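This briefing is meant to be read alongside the sequence and the coordinates.

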Amino acid sequence: MSTITEIVDVEVPVSTAYNQWTQFEEFPRFMEGVEEIRQVDATHTHWVTRFGGVTREFDATITEQHPDERVAWTSDSGPDHAGVITFHRLDDSHTRVTAQMDIDPEGFAENVADKLGVLGRRVKGDLKRFKEFIEQRGGRETGAWRGDVDRPGR
């Protein structure tokens, strides 16, 4: 299991950055290797990814979500991973987005990529592309979901 942490500062208010991140079906527009995400319901998503010529499908559950603060998830099937994206207001028009992910690579290509730091660079690139995506839109998100999902056991 590897832990990846990456940070990007975006030039949009915290609510805009958070709102855009809740639009999971838009992820293929800025995440490398993500071919499709289907939001099944408020807390479940189905992913189709491609890495090293291998296509994988898996389901994930949003385990915690609080507007303008955080979105956490864990995989239900496929590659074992979990993570959290946090949003920190820097000022009225700037937000720090932090991605923390625990990934247990599956298969030869993913294990080699993990050992060589490719997975960390991919997350860093995804955050950079998220920044470009939201800033090029003039700070306008494509949608929003402002509901709360409490951590299990709360």
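The model is predicted, and its strands include an open sheet of seven in the order 1-7-6-5-4-3-2, paired in the antiparallel sense.

**The sheet**
- The edges of the sheet are formed by strand 1 (2-10) and strand 2 (34-41), each of which pairs on one side only.
- From one strand to the next, the twist averages 20°.
- Strand 4 (residues 54-66) and strand 5 (residues 70-75) pair antiparallel over six bridges, and the bridge partner of Q65 is V71 in strand 5.

**Helices on the sheet**
- Helix 1 lies across strand 1, strand 4, strand 5, strand 6 (80-91) and strand 7 (94-104), and runs at about 160° to strand 6.
- Helix 3 also packs on the sheet, where it touches strand 1, strand 3 (44-51) and strand 7, and its direction makes about 20° with that of strand 1.

**Helix 1 against helix 3**
- The axes of helix 1 (residues 14-21) and helix 3 (residues 118-136) come within 11 Å and cross at roughly 115°, which means that helix 1 is roughly perpendicular to helix 3.
- The crossing of helix 1 and helix 3 is right-handed.
- On the helix 1 side the contact involves T16, A17, Q20 and W21, which meet L127, F130, F133 and I134 in helix 3; by class, this contact of helix 1 with helix 3 has six nonpolar and two polar residues, with no charged residues.

Conventions: Residues numbered from 1 in each chain as written. Predicted model: local features only at pLDDT ≥ 70, side-chain atom pairs only at ≥ 80, totals over all residues. Heavy atoms only, no water. Axes fitted to C-alpha atoms, helices over the stretch in contact; angles between N-to-C directions. Helix = DSSP H or I, 4+ residues; strand = E, 2+ residues; numbered from the N terminus. Parallel < 35°, antiparallel > 145°, perpendicular 65-115°, else oblique. Left-handed = near helix turned anticlockwise from the far one by under 90°. Contact = heavy atoms within 4.5 Å. Nonpolar A, V, L, I, M, F, W, Y, C, P; charged D, E, K, R; others polar. Pairing = 2+ DSSP bridges.
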